[in-house]
Amino acid sequence: MIEPFLRTIGISKSFPGVQALKNVSIEAFPGEVLCIVGINGAGKTTLMNILGGIVKSDEGEIYIEGIPVEISNPLDAEKYGIAFVHQEMGLFPTMSIVDNMCISSFPNKLGIIDYKLAEERCESVLKRLGCDFHPRTKIHDLSPGDQQIVEIARALLGERRLIIFDEPTSSLSSREKTCLFEVLTLLKKEGISIIFITHLLHEIFEVGDRLIAFRNGEVVGGEMIKNITYKDVIALMIGTEETRSFFGCRTPKVVGDLILEVENLSRRGVLYNINFTLHKGEVLGLWGLLGSGRTELERALVGLDPIDKGTIKINHNGILKTIRHRDAKKWFGIITENRRKDGLLLPMSVKTNISLADLRKLISRVWPLIDTKLETELSKKLVNRLDIKITSIEQQVATLSGGNQQKVILARWLLSNPPIYIMDEPTRGLSVEAKSEVDRIIGELAESGAAILVISSDIDELINLSSRYLVMRRGRIVAEFQAEASKSDLMAAAAGGNHE
Amino acid sequence: MRKKQHLDVRYFIVSQGFVIAMVLFFIVFSIIARNFMTLKNMVRILHTIAPLLILAPGLALVIMEGKIDISVGSIAFLSSGLGVMLMVHHNIPSYVALPLIVVVGFILGALNGLLVVVLKINPLIATMGMMFALRGVALQLTNSMVLSIPKELQRIGYANIGTIYIDVIIAVIILLLAHFFHVRTPFGRHIMAIGNGANIAEQLGVKVPKVTFLAFALSGFFASLGGIFVLFQVGAVTPTMGQGYEFNAIALCLIGGISLMGGEGSIIPGLLLGGVTLGVIENGLNMVGASPYAYAFVKGGVIFIAMYADSIKKVLRKTRITIAEEPFASAAGQDHKKLSVRSNK
């Protein structure tokens, strides 16, 4: 058997609140495409960031060609011939292609950049990828797909032994994709190791040689791709154990009146003809992989992003009427993906944070000023109702645990009491207990008649919560399921395969 | 297709708007003031702005990095003040004192760099502190007095070759060198990369703290160099020397298309255009006999328009690209086709 180019032994990494990787050991062989799969948050990207020198592991060893090495920064990674094509754009928009590609190692004579040589090098790599841009073109003049190509080209520049692709195809057209796959085959022949992370499972069968699946930060299986089927991959990704049930929210509730109807909502390049309805007392789960447009839909719906066309109708006092998009915010209680950044005023008190959503309600009858007594009273009531653990309502929100912070946001919305809640990853980064607490509150909210749209990367949680599902892929709603749908139904629809 | 062309015309007008506006200024001024469009006057305009042009390239690098330095005026004052005191009170020859001025400037700039990089103070606050503090030190040193420089140095400020002043030639040479340094060295490119996104740059192995530190040090260096040429023209260190230079220099950068967000702009033609624009407006308004206060007002207006054009440009660029190609949409469409073909089998 040939010696692996790269071997990791027992890599572990934890971030505050989450164990991202647990004792991960993998091997990458020269001339092989190793595919890594796993749902969002499974730990794939963290491992790649460790290999790329962007984050440091807590434990574990990395061997390159059998020699233990330490990769503590991106330059180290480059020294060992490891290149990384990042998931999110890592380009400098105002600079030229050649600058972007050579930024970490300009060919130079006495400190003066040799642009002729640099351009030649870039051009030859771009040609390999089937592109004929002029290397002096500015990045901001390229389309997103072409930008992605440049990023890939940057990784191919120079002496490479291992190239990590983290979802490289998410913004490529199929012509560009074919090109990339051809290049992968070429690189394989040159004896370069390739690690390929993707959410689109059919790509694995197109280019992959071997597969490793991650779940909750652990390696849960590895297999040669020619020996497995599409269904096996899904089973590996989501696990086969039965869903734990926190509470009975899944039993289809008596669904109330129609409250929200979305027709043909579109945003160029992001969302295409989104149609769906939402009823009172319903928890609608929105499932999709990273980049499927879940968060984009949420943002467009509540008016945080502009829309190109489409109507949003809301049932107000029994009448379904179209609302103006810029007024949309008023109907939705929004819980964002990143509560610390978008949701809370961290240095301020619990009370201030709760009362923020609807200060008008708190205006005193006597003066046009805020009635602080009422504010305190209402905040206290909500704190008790949601069982938020604080010493006093004057406590700084920044000092609370994640679960309690999330409850503060929930309390805020309970105060203003919107008819519809949109929750993007409401339990991300919370401990197990806090998670089930928040989930319980969501269930109660729905029972009390609110309509809830939940986005979550945790498929178990989504299944526990939702009474109906929408599945998104590439900016479209591709499937709708009722409560009895299984995890693999959702997974298959989201990954977009047709291999059943 | 038609729509795209239409957009391109608008894009051209907005992106080249400045040149168009300059041409208009020239036409209006030369019609009203007979002496405006003369070689002598053109040379005079360049002569007036030369010190500011020499002072600005360092600051431009800092701005391109997405940061700011408002201490350049005070650095110019303090470093020149020190140099002149050495020459006048301690009889140190000028060929020693003048280089010392730029060394002092570099050190003061490096101090700014330390505040920003090591102590992680917000650049605006750090350099604002330096702006006040250094001016205080300089006023104390010079006792708030006017100190004349030696006669032979005063002559340099108005020395000329033919009709062109020497300091204009020097300014152009310095701008050319700075431009070359900016576009052709890894350091210059790293500055642009940091201005575009410090995190990405860091991930790609750019030494962000080092580059930032150097940019501030260079800003101090160029500030003191500009100060020297102010000395030559004025003939003395005055208590108000350098006051307001920081904002004039920032204005010059902005008008020249260097974005305060960082990552955008050039030294040539950017800085040069900005400088000439400011010079032309000041001189032209003077020539047509406008109120002396009109200049400040017009300068404000021009900065505003430059910023507005910049933001329109960005919006247009976005639209242009989305209309030109929609890979996301086409890819999804083709995917569908491919899949349906497969399922038919």
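Which residues does Ser266(B) touch, not counting residues up to four places away in sequence? They are Met64(B), His182(B), Ile258(B) and Leu271(B). Contact here means heavy atoms within 4.5 Å.

## Basis of the model

This is a predicted model, in which local features need pLDDT of at least 70 and side-chain atom pairs count only at pLDDT 80 or more, while totals for chains, interfaces and linings use all residues. Residues are numbered from 1 along each chain as its sequence is written, chains are lettered from A and ligands numbered from 1 in the order in which they are written, and side-chain values use heavy atoms, with hydrogens and water left out.

## Chain B overall

Chain B has 15 helices and four strands. Helices (H or I, at least four residues) and strands (E, at least two) are DSSP runs, numbered from the N terminus. Chain B holds 345 residues, and 49% of them are buried. Buried means under 20% relative accessible area, exposed means over 50%, and partly exposed lies in between (1.4 Å probe, protein chains only).

Sequence separation in chain B can also be read from its contacts. Take those between residues at least 6 apart in sequence: 79% join residues at least 24 apart.

## Two sites in chain B

Ser266(B) sits in the loop between helix H12 (245-255) and helix H13 (267-287) of chain B. Its relative accessible area is 19%, so Ser266(B) is buried. A polar atom of the Ser266(B) side chain lies 3.2 Å from the backbone nitrogen of Gly270(B).

Phe106(B) belongs to helix H5 (residues 94-117) of chain B. Phe106(B) counts as partly exposed because its relative accessible area is 33%. Leaving aside neighbours within four places in sequence, Phe106(B) is in contact with Ala217(B), Leu218(B), Gly220(B) and Phe221(B). Met287(B) is 181 residues from Phe106(B) in sequence, and their C-alpha atoms are 38 Å apart.

## Domains of chain A

Chain A is divided into domain 1 (6-238) and domain 2 (258-495). These bounds come from an automatic or database domain assignment. The contact between the domains takes 15 residues from domain 1 of chain A and 12 residues from domain 2 of chain A. The domain centres, taken over C-alpha atoms, are 35 Å apart.

Domain 1 and domain 2 of chain A bury about 1200 Å² between them, with 61% of it on carbon and sulfur atoms. Buried area is the accessible area (1.4 Å probe) that two parts lose on being put together, summed over both. On the domain 1 side of chain A that touches domain 2, helix H8 (residues 230-238) gives the largest share, four residues. That side divides into eight nonpolar, five polar and two charged residues. In this grouping, Ala, Val, Leu, Ile, Met, Phe, Trp, Tyr, Cys and Pro count as nonpolar, Asp, Glu, Lys and Arg as charged, and the others, Gly among them, as polar.

## Salt bridges

Side chains of opposite charge can pair when their charged atoms come close. A salt bridge is a side-chain nitrogen of Lys or Arg within 4 Å of a carboxyl oxygen of Asp or Glu. Over all chains, the structure holds 25 salt bridges. One of them joins the side chains of Lys13(A) and Asp58(A) (3.7 Å, N to O). Lys13(A) is in strand S1 (residues 6-15) of chain A, and Asp58(A) is in the loop between helix H1 (44-51) and strand S5 (59-64), 45 residues apart. Lys13(A) is buried at 11% relative accessible area, whereas Asp58(A) is partly exposed at 44%.

Asp76(A) and Lys79(A) form another salt bridge, with the closest N and O atoms 3.8 Å apart. They are three residues apart in helix H2 (residues 74-79) of chain A, so about one helical turn separates them. Asp76(A) is buried at 14%; Lys79(A) is exposed at 60%. Arg267(A) and Asp305(A) also meet in a salt bridge (3.5 Å, N to O).

How values were computed: Polar contact = N/O pair within 3.5 Å; in protein donor to acceptor, adjacent residues only side chain to side chain.
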